[in-house]
Amino acid sequence: MTPSSEAQTIQPLKWNRIRIISNPRVRYGLILMAVGYLIWSTGTLELDWARINNGLPRAANMFARMVPPSFSRWELLVKGMLESVQMAFSASFIGMVLAIPLGICGASNLVPRPVYLVARTLIILSRTFHEIIIAILFVKIFGFGPLAGILTLIVASTSFISKMLAEDIENMTPGQLEAIRATGASFPKLLLYCITPHTLPRYLGVSIYRMDANIRHSTVVGIVGAGGIGQVLAASFSRYDYDFSLAILLTIITLVFLGEFFSNWVREYLR
Amino acid sequence: MLKITDLKKVYPTGTEAISGVSFSVDQPQVVAIIGPSGAGKSTLIRCINRLVEPSSGQVMLDGTDLVTLSKRELRKMRRRMGMIFQEFNLVDRLTVMENLLSGRLGYVNFWKAYRRKFPPDDVAAAFQLLDRVGLNGYQDTRADELSGGQRQRVGIARALMQQPDLLLVDEPTASLDPKTSRQIMRIIVELAHERGTPALVNIHDVGLAQSFSDRIIGLRQGEIVFDEATTSLNADVLTEIYGEDDWSTTIRKAEDDEGEDRPEDKSKKDNSLVREAVTG
C-alpha cells in the first residue's frame, strides 16, 4: 500500500519539544532573575577574597597544631564516646517504639481523618526544626548534659521513623487490606496479618539507618551542650587543644564508619 | 440463603452504581453476574459483605440483615462469607500457610494469631485444601514467589478456610491467561458444589460464565436486566445486557470450547498442575 500524496501534504514539517514553561519570555525572565539574585546575594554577604586569603594561614597553623593527634586524655575521650553511643542507642530504641502508634495514626488509609491530621501535624512539627535547634531548646529546659541529647534524638528518631512507617502503610495495595477485612478480622488482627508483614522489613531497615544516623547526630548535639563526645569536642576547640580535637575527630570518624558498616550489614541481612 | 431486596448504592460523587437490585439465591448454585464495565458488578458484590457500604436496601443472609449490623456483628457475619479477588490480594510477605490460616482470623484470639498457634483442626483443614487446589508442599513458600494461577489457588483456599455459607467471587480470572482461567473457574465451581456453598461470581468473560455457572444475572447500569438459568442465555439477552453487536461468535465459541475441553479435561489438568509445580 502506497501512502497517498494527499496524506503526505497534511503531515507537519516542524516539531518542537514541549518545554516545562512554554512562554519564552517567562522562561528567560525566570533564568535572568535567578542569576541576578545570585550575583546580588554573593555581593551583599561580603564574600570577599581578602578574608578568605587571611584565613588560609590561620587554617594552616591550626592543622599544624593538630598533628600529631594527642590521645593522652583518652579517659575523657572514651567517656564522651560511650555517652554518645548510649544516647544514640537508647534514643533509637525509644524512637522505634514511639514511632509505631504515631506511624499507624499517620496513615490515611487506616484511621479516621481527624486522627490522621493530628498525627501528621505532630510529625511535621517535629521535623520542622533541625536537631541542633531542638537540642538548644532542651538544653535550655533541662540543663547541660546527655538528658537533653537523648530527648533531642528521641524526637528526631520518632518523627523520622513514623513518617516512613506511615508512608509505607499508605503505599500498600488496598486489596490486601480488603481481603483480610473480608475474613472478619478485627483491627488488631489486621495489623498483625497484613500491615506488619508488609511494613516490617522496611521499618527495621529505616530504624537501623536511624541508629546509624543517631550516632552521627549524637556527636553533633553535644556541641550545643547536650552531652556526649560533641561536648568534649567543643570544649577542646575553645581551649585551643587542637591535637586533642583531632584525636576526637578521628575517633568520631571511626565510630561513624563502624556504625555505617554495621547498619549496611544488618540491612543486607534483612533483605 | 441469600436474599437481596432493593439494594442501592450511591457514591459520594453522586454516581448511582446500583439502583434497586433484588434477587435471591436459595439453593447451592453458582451464579455468574455479567455485565459491561461500570455496570456495578463489583459494587454489588462488595455491598454484600459491606466492604462498600450500601446506601439503602436489605441483604439477608440466613435471616440476618447485614446492612443494619454493628461493626462487631458485621465482623462475625463476614466470617461466614468467603471472598475471592481479581488481584488475588494475598498478603505478599506471608507464607502460603499463613495466608490460608488468615481465613480463620475471625475465630482465634489475638495472641494465638500473633504466635501463629491455630487449632489443629484448622491446620489439618489448611493442608487438605492445599492438596485440593493442587499446591501440595507449598505451605512454606512466600506468596510473592507464586505464579498468578498459583496465587489464585491460594486465594480460593483462603476463602474456603472460613467454611463460608456464601462465596463472593470478584472477577477471579481477569488477571489470568485463558487456560489458567478455566482451571481456576473449574476449581471454584467444583469446590462450591462439593461443599454445597452458593457462589456469586462476577465475571466479564461470557464464555466462562456460560461454561461454569448454573444461573446468570445480567447487570446493566446498576439494574438487573436478566436473571435465569445459564442455558437460556442467547444473543438477544447479550444485546440487552451489553448493547447491539454480533454475538453469534461469542456464544458459539463458548460451546466449541466446551466440546474440546471436556474430554481431555483430566489429563490436561493433571499435566498443568505438574508443570506448575515443577516451574513454580
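Helices in this note are DSSP runs of H or I with at least four residues, numbered from the N terminus. The model under review is predicted.

1. **End of helix 10, chain A.** Tyr240(A) follows helix 10 of chain A and has a positive phi, near 60 degrees. Helix 10 itself spans residues 229-238 of chain A. Its buried residues are Ile229(A), Gly230(A), Gln231(A), Val232(A), Leu233(A) and Ser236(A). What do these buried residues of helix 10 pack against? Their partners are helix 4, helix 9 and helix 11 (242-270) of chain A.

2. **Helix 6 against helix 9, chain A.** Helix 6 covers residues 131-142 of chain A, and helix 9 covers residues 187-221 of chain A. The two pack at an angle of about 50 degrees, and their axes are 10 Å apart. That angle makes helix 6 of chain A oblique to helix 9 of chain A, because values from 65 to 115 would count as roughly perpendicular and values under 35 as roughly parallel. The crossing of helix 6 and helix 9 of chain A is right-handed. On the helix 6 side of chain A, the contact uses Glu131(A), Ile132(A) and Ala135(A). Helix 9 of chain A contributes His217(A), Val220(A) and Val221(A). By class, this contact of helix 6 with helix 9 in chain A has 4 nonpolar, 1 polar and 1 charged residues.

3. **A cis proline, chain A.** The peptide bond from Val67(A) to Pro68(A) is cis. Its omega is near -10 degrees. Pro68(A) sits in a loop, with helix 3 (49-66) of chain A on one side and helix 4 (74-105) of chain A on the other.

4. **The 6-stranded sheet, chain B.** Chain B has an open sheet of 6 strands in the order 6-7-8-3-9-10. Pairing in this sheet is mixed. Which strands form the edges? They are strand 6 (81-84) and strand 10 (223-229) of chain B, each pairing on one side only. From one strand to the next, the twist of this sheet averages 15 degrees.

5. **Strand 6, chain B.** Strand 6 of chain B runs parallel to strand 7 (residues 166-170) of chain B, and 4 bridges join the two. Met81(B) stands opposite Leu166(B) of strand 7 of chain B. Met83(B) has Leu168(B) as its bridge partner in strand 7 of chain B. Met81(B) and Met83(B) point one way from strand 6 of chain B, while Gly82(B) and Ile84(B) point the other way. Are these residues of strand 6 buried or exposed? All are buried.

6. **The 4-stranded sheet, chain B.** An open sheet of 4 strands in chain B has the order 2-1-4-5. Pairing here is antiparallel. Strand 2 (16-25) and strand 5 of chain B are the edge strands, and each pairs on one side only. Strand 1 (residues 2-10) of chain B is joined to strand 4 of chain B by 5 bridges. Leu2(B) has Leu61(B) as its bridge partner in strand 4 of chain B.

7. **Helix 1, chain B.** Helix 1 of chain B covers residues 41-48. This helix lies across strand 1, strand 2 and strand 4 of chain B. The helix runs at about 60 degrees to strand 2 of chain B.

8. **Positive phi at two non-glycine residues, chain B.** Asp62(B) has a positive phi of about 45 degrees although it is not a glycine. Asp62(B) lies in the loop between strand 4 (56-61) and strand 5 (64-65) of chain B. Phe88(B) also has a positive phi, near 65 degrees, and is a residue other than glycine. Phe88(B) lies in the loop between strand 6 and helix 3 (96-101) of chain B. Phe88(B) is buried, with 26 other C-beta atoms within 10 Å. The cut-off for buried is 20 or more such atoms, and the cut-off for exposed is 12 or fewer.

9. **Contact between the chains.** Chain B gives 21 residues to the contact, and chain A gives 18 residues. On the side of chain B that touches chain A, helix 2 (71-78) and helix 4 (110-114) of chain B each supply at least two residues. How does that side of chain B divide by class? It has 9 nonpolar, 6 polar and 6 charged residues.

Methods: Residues are numbered from 1 along each chain as its sequence is written. Chains are lettered from A and ligands numbered from 1 in the order in which they are written. This is a predicted model: local features need pLDDT of at least 70, side-chain atom pairs count only at pLDDT 80 or more; totals for chains, interfaces and linings use all residues. Two strands pair if DSSP finds at least two bridges between them. Axes are lines fitted to C-alpha atoms, for helices over the stretch in contact, and angles run from 0 to 180 degrees between N-to-C directions. Two residues are in contact if their C-beta atoms, placed from the backbone, lie within 7 Å. Ala, Val, Leu, Ile, Met, Phe, Trp, Tyr, Cys and Pro count as nonpolar, Asp, Glu, Lys and Arg as charged, and the others, Gly among them, as polar. Angles under 35 degrees count as roughly parallel, over 145 as roughly antiparallel, 65 to 115 as roughly perpendicular and the rest as oblique. A crossing is left-handed if the near helix is turned anticlockwise from the far one by less than a right angle, and right-handed if clockwise.
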